[in-house]
Amino acid sequence: MMCYAPPYNPSWFLQNGVMMTVHTALWGRRYWETTTDDPEPSYHEQIFIGGQGVPIFGLVAIPENAHSTIIGTYGITGELETQWYLRVLGRKAFAQGYAVVLFDWRAHGKTAQLSPTLTSDGLYEGEDYVRIAAAAKAMGCPGKFWFTGFSLGGQLALWGVKVAGEVIREYEDLGLEDSDIGGGMVICPSLDSERSLSYLVTKPFGRYLEVGIARDLKKLAWRLHDAHPGSFDPAAIERANSIWGFDNELVINRLGFSSVEAYYQASSALKILPQISKPTLIIYAADDPLFDPAIIPELQEACDNNPTIDLLLTQYGGHVGYLSSKECQRQIKDPDIWWAWNRILEWLEQKRTG
């Protein structure tokens, strides 16, 4: 369903999806720490065991009198040390009494050092979320547990919400109850990789971005190769010169798919929205330059037909941007420029206390 939210208005020069996306990435990397008075939580490192016994590296911070827990990760490439957008959430959530668990998902960051297991775009990462929640509960993190992510990480979080009940029923020794899982909240989630990737490479900015992401994926593959000798064919890594090529050369055979298209269709988050049964917030920008706009009507229909999903569809915002103008901040009494994270925490507070 569509849900009410304070209006979102960026500065005039950011009322363009490409400009918002580029500006947020470049400006935020340098200045994000100056945008919030909330201090960095005192995280401690933790190795979780995800689905299939895969070790997952994470950071955990539990404030005094914590009331619930947020578990989150980031998008298609990166690592916790450099994922400042996720660290913004960590600061804000911890200051509001949430225990915070952030993790390097499969094949990323320090998790890649621990295991050669490659990504599966949610097919197995969903179970990782649930198992991380179980371990966090045993460590003293309080329920309810809320799964979050942005971009491809948003797709992973949606899978986590979708499979939570199934995993809890199948593995009774986890120590989790279905009632421990609160739900999810995602920003600009990937919903249909096949369509969006086809759309992306038709635009000049999209082609430029795709080349950059593909380069980062190739670096990721070489780091895995170096950390786990014999696990990867160097010739296959050399051939992986696009996002599609990375999945074709390195991912699909390990997951048992005959084609990249079949893999993308199986992992599509759009198709699992009808099966989401826990409260979930999706924040999505109509001017997101990475995703095919033809997906939007289908997203609206899926959310309209599932009363557990709240959709905030905005005219502006770009891809994981949502920097708000000074006027917008004053109008809705936000403490900073992070409109999307503020809406997520506002929505969570309503769910927690409602």
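Trp-12, Phe-13 and Met-19 make up a nonpolar patch on the surface of this predicted model, with about 380 Å² of accessible area together. Patches consist of residues with over 30% relative accessible area and no salt bridge; like charges are joined within 9 Å, and nonpolar side chains (Val, Leu, Ile, Met, Phe, Trp, Tyr) within 5 Å. Accessible areas come from the Shrake-Rupley method with a 1.4 Å probe, and for residues only the protein chains shown count as cover. Met-19 sits in helix α1 (residues 17-31). Its relative accessible area is 41%, so Met-19 is partly exposed. Buried means under 20% relative accessible area, exposed over 50%, and partly exposed in between (1.4 Å probe, protein chains only). Helices (H or I, at least four residues) and strands (E, at least two) are DSSP runs, numbered from the N terminus.

The model is predicted: local features need pLDDT of at least 70, side-chain atom pairs count only at pLDDT 80 or more, and totals for chains, interfaces and linings use all residues. Residues are numbered from 1 along each chain as its sequence is written, and side-chain values use heavy atoms, with hydrogens and water left out.

Thr-73 belongs to strand β3 (residues 68-73). Thr-73 is buried, at a relative accessible area of 0%. A polar atom of the Thr-73 side chain lies 2.7 Å from the backbone oxygen of Phe-103. Thr-73 also touches several residues (heavy atoms within 4.5 Å). Leaving aside residues up to four places away in sequence, these include Leu-86, Trp-105, Tyr-129, Phe-150 and Leu-156.

Salt bridges come next. Side chains of opposite charge can pair when their charged atoms come close. The structure holds 19 salt bridges, each a side-chain nitrogen of Lys or Arg within 4 Å of a carboxyl oxygen of Asp or Glu. One of them pairs Glu-81 with Lys-110, with the closest N and O atoms 3.9 Å apart. Glu-81 lies in the loop between β3 and α2 (84-95) and Lys-110 in helix α3 (residues 109-114), so this pair ties together parts 29 residues apart in sequence. Glu-81 is exposed at 62% relative accessibility, whereas Lys-110 is partly exposed at 26%.

Arg-106 and Asp-128 also meet in a salt bridge, at 2.7 Å from N to O. Arg-106 is in the loop between β4 (98-103) and α3, and Asp-128 is in helix α4 (residues 125-139); the pair links distant parts of the chain, 22 residues apart. Both Arg-106 and Asp-128 are buried.

A further bridge joins Asp-310 and Lys-351, where the closest N and O atoms are 3.9 Å apart. Asp-310 lies in strand β8 (residues 309-314) and Lys-351 in helix α13 (residues 339-353), so parts 41 residues apart in sequence are tied together. Asp-310 is buried at 8% relative accessible area. Lys-351 is partly exposed at 37%.

Most residues other than glycine have a negative phi, and most peptide bonds are trans. Gly-143 and Lys-144 are joined by a cis peptide bond, with omega about 10°. Lys-144 is in the loop between α4 and β5 (145-150). Asn-65, not a glycine, has a positive phi near 55°. Asn-65 lies in the loop between β2 (55-61) and β3 and is exposed at 73% relative accessibility. Val-320 likewise has a positive phi, about 50°. Val-320 is in the loop between β8 and α12 (326-332). Val-320 is buried, with a relative accessible area of 10%.

Technical notes. A polar contact is a pair of N or O atoms within 3.5 Å; within protein, one must be able to donate a hydrogen and the other to accept it, and residues adjacent in sequence count only if both atoms are side-chain atoms.
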